[in-house]
Structures are given as C-alpha cells and as structure tokens.
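Subject: Structure handover

Dear colleague,

Please find below the structure I promised to pass on, with the sequence alongside.

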Amino acid sequence: GRVRVVIESVKPSVDAGRFPVKRIVGDLLVVEADCFADGHDVVACELLHRRDASQPWSTKPMLALGNDRWRADVQLDAIGAWQYTVRAWVDPFQSWHHDFERRIDLEDVRVAALTGATLIAQAAERAKGSPEADALSAWSHELAQAVKADAPIETLKALGQDELRVPLAV
C-alpha cells in the first residue's frame with residue numbers, strides 16, 4: 001500500500017490558520033507539529049518559512065521531540081507578514097537503517113544490506129556533483145561487495161551502521 005504522512009496540531013495557530021499569529025521583530029517563532037506515518041517507517045520533517053509570498057521558501061530541519069512531536073524555530077528579523085508551513089515525508093534510507101540495526105539472521109542481514117546498497121547508490125546519484133557523491137558511491141560498492149564475498153554478519157552490520165556515513169545518505 002501507499003505510505004502516507006500525517007501532519008496535524010501545528011502550533012502556533014489561531015483558529016486553525018484563519019487568523020495570523022502575531023509576533024514582534026526579534027521574536028523567535030517556535031513551530032511544533034505532530035508528524036507521523038502509518039506503519040513503522042521513519043519520518044523526516046522540515047519547517048518552510050518566508051517573509052512574504054514573493055520570496056522563495058527557506059527550509060529548516062525540524063527536531064524530533066518524541067511521541068511524533070517535531071519542533072523548529074525561526075528568528076523574525078523584519079516587520080511584515082511571514083508565512084510558514086510544515087512538510088514531512090517517509091525517509092526510506094533512515095527507515096532502512098533503523099530496521100537494519102535490528103536484524104540478526106545472516107540471510108536477512110544480507111538481503112537488507114543489498115537493499116541498503118541500492119538506497120545508498122540512489123542517494124549518490126542524487127548527490128552527483130557534490131563532495132558527498134563519491135563517499136556514497138564508495139559506501140554502496142563496499143556494502144554490495146561484502147555481501148557478494150559472503151562476509152560475516154559482524155562485517156555487514158558494521159558496514160551498514162557506519163555512523164560517520166549515515167548522515168550522508170539522507
């Protein structure tokens with residue numbers, strides 16, 4: 001089935017967004033929302049904000065507070081009508097990584113490692129031209145080669161859980 005993300009209880013809000021939230025220049029606008037998906041996939045979330053409709057949106061990652069609650073803030077540095085919204089999505093790489101950490105059966109780990117290698121290769125393709133692209137490609141290749149070489153489970157788990165590399169694939 002289709003995975004859907006739900007965003008609700010966005011705060012601050014006056015009459016469900018019917019009226020503007022009021023602040024003064026120099027205030028920190030703290031935005032919170034409940035963001036979750038059906039199933040156990042990992043959700044990523046960001047705050048989009050702009051000073052007025054003629055400007056492009058700026059984004060800021062939202063911090064997970066726990067229990068599906070997310071938070072980000074924006075420094076209001078000018079007078080005028082500001083706009084903000086919350087965007088959330090299922091993060092396939094973080095979902096894979098979360099599940100991969102819990103796997104214990106060797107064949108299960110091998111299949112999951114190949115899935116991870118594919119996701120990392122896709123991230124490398126999207127990152128083409130950036131400094132991270134080469135590191136992602138190398139990681140994907142290393143993980144896939146370890147599976148093909150029948151590496152022990154400890155090696156596969158270590159390659160899949162390399163904390164120095166995990167943020168690269170987001």
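The accessible surface of the protein comes to about 10400 Å², and 54% of that surface belongs to carbon and sulfur atoms. Please keep in mind as you read on that this is a predicted model, and that every value below is computed from it. Of the 170 residues in the protein, 33% are buried. The radius of gyration is 20 Å, whereas a compact globule of 170 residues would have one near 15 Å, and the C-alpha atoms fill a box of roughly 60 × 35 × 25 Å when this is taken along the principal axes. Among the contacts with a separation of 6 or more, 69% are accounted for by residues 24 or more positions apart.

As to secondary structure, the protein has four helices and seven strands, and their order from the N terminus on is β-β-β-β-β-β-β-α-α-α-α.

Three of the strands form an open sheet in the order β4-β3-β7, with antiparallel pairing. Its edge strands, each of which pairs on one side only, are β4 (58-61) and β7 (83-90), and neighbouring strands of the sheet are turned against each other by 25° on average, direction ignored. Strand β3, which covers residues 43-50, is joined to β4 by four bridges, and there His49 stands opposite Ser58.

Cys35 is in no disulfide, and the nearest cysteine sulfur to its own, that of Cys45, is 3.4 Å away. Cys45 is likewise in no disulfide, its nearest cysteine sulfur being that of Cys35 at 3.4 Å. The cut-off applied here is a pair of cysteine sulfur atoms within 2.5 Å, so a pair separated by 3.4 Å is not counted as a disulfide.

Finally, a word on Val30, which has its place in strand β2 (residues 28-37). Is Val30 buried, partly exposed or exposed? At a relative accessibility of 34%, Val30 counts as partly exposed, because that class lies between the limits of 20% for buried and 50% for exposed. Leaving aside its neighbours within four places in sequence, Val30 is in contact with Lys11, Pro12, Arg71, Ala72 and Asp73. Val42, by contrast, lies twelve residues from Val30 along the chain, and the C-alpha atoms of the two are separated by 23 Å.

Note on methods: Residues numbered from 1 in each chain as written. Predicted model: local features only at pLDDT ≥ 70, side-chain atom pairs only at ≥ 80, totals over all residues. Heavy atoms only, no water. Pairing = 2+ DSSP bridges. Helix = DSSP H or I, 4+ residues; strand = E, 2+ residues; numbered from the N terminus. Axes fitted to C-alpha atoms, helices over the stretch in contact; angles between N-to-C directions. Buried < 20%, exposed > 50% of the residue type's maximum accessible area, 1.4 Å probe, protein only. Contact = heavy atoms within 4.5 Å. Rg over C-alpha atoms; globule rule 2.2 N^0.38 Å. Areas by Shrake-Rupley, 256 points an atom, 1.4 Å probe, with all protein chains shown as cover.
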